[in-house]
Amino acid sequence: MSSPAEFYNSLPPISKAYGTVCLLTTTASQLGLLNIFYIALLHEYVFKYFQVWRLFTNFFFLGEFSINFGIRLLMIARYGVQLEKGPFERRTADFLWMMIFGALSLLVLSAIPIFRTPFLGVSLVFMLLYVWSREFPNAQINIYGLVTLKAFYLPWAMLALDVIFGSELIPDLLGIIAGHLYYFLTVLHPLATGKVFLKTPMWVNKLVARYRIGAPSRPSSRSAAPSDRPTGVAFSGRSYRLSG
């Protein structure tokens, strides 16, 4: 069995970095070193006082130390890592772009009054969960030892559990919307039309290459024409072996 340090060092770069920053943010908040008011997404402060950092920092707070916080962090460690090591293996730039696109989509959605929330970190994690559930739709998931279901239904099951236990509905729902938008533009629409509208920008590839963060994007089955991909089945996912 590997040590915690070995496990941490084995994590892929983007999931490891995001999870680490989220953990440090909550730790700083709990210790009184950080007032989360100053990192929250408050639109009036962004546009009236030009506090543009709020557009970024709000994604790094998953809540105070609690069971819910632990679950969100574990979701990054499991679903984010399995995505980065599976469908996005050697495609660090593509994975980073997925995160950036998800963040931008969530910022746009949060501008709608009914979707406004001060922190979008939970939504971004839920987006990872949604994309993972589409890439591994037939994986068997056991929820709290109570029920076993296919991964395809996991986002909705987690949303229902959050509502039952008193958590807010909007953050989870935003993540599902952003995740479906990404999956539709990068997988479903190209499968149906052979045209890819959402490609990883060159500046993201250059960023990854310059700082040697994992690997830049490479040609993958995502951009294959319909004749090269299975047809006739929506959300069929792709075959990847799950460790453990």
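These legends describe close-up views of a predicted model. Local features need pLDDT of at least 70, side-chain atom pairs count only at pLDDT 80 or more, and totals for chains, interfaces and linings use all residues. Residues are numbered from 1 along each chain as its sequence is written, and side-chain values use heavy atoms, with hydrogens and water left out.

View A. The unreviewed UniProt entry annotates "transmembrane region" at several places, including residues 95–112 and 173–192. Such annotations may be inferred rather than shown by experiment; positions follow the numbering used here and feature names are shortened. Residues 95–112 are 89% helix and 0% strand, with end C-alpha atoms 27 Å apart. Residues 173–192 are 100% helix and 0% strand, and their end C-alpha atoms lie 26 Å apart. Helices (H or I, at least four residues) and strands (E, at least two) are DSSP runs, numbered from the N terminus.

View B. Helix α10 spans residues 202–210, and its buried residues are Val204, Asn205 and Val208. They line one face of the helix because, seen down the axis, they fall within an arc of 100° (directions from the helix axis to the C-beta atoms). Met202, Lys206 and Arg210 are exposed on the other side. Buried means under 20% relative accessible area, exposed over 50%, partly exposed in between (1.4 Å probe, protein chains only). The buried residues pack against α6 (92–110), where contact means heavy atoms within 4.5 Å.

View C. Most residues other than glycine have a negative phi. Phenylalanine 50 has a positive phi of about 55°. Its loop joins α3 (43–48) and α4 (54–57). Phenylalanine 50 is exposed, at 63% relative accessible area. Arginine 90 has a positive phi near 60°. It sits in the loop between α5 (67–85) and α6. Arginine 90 is exposed, at 59%.
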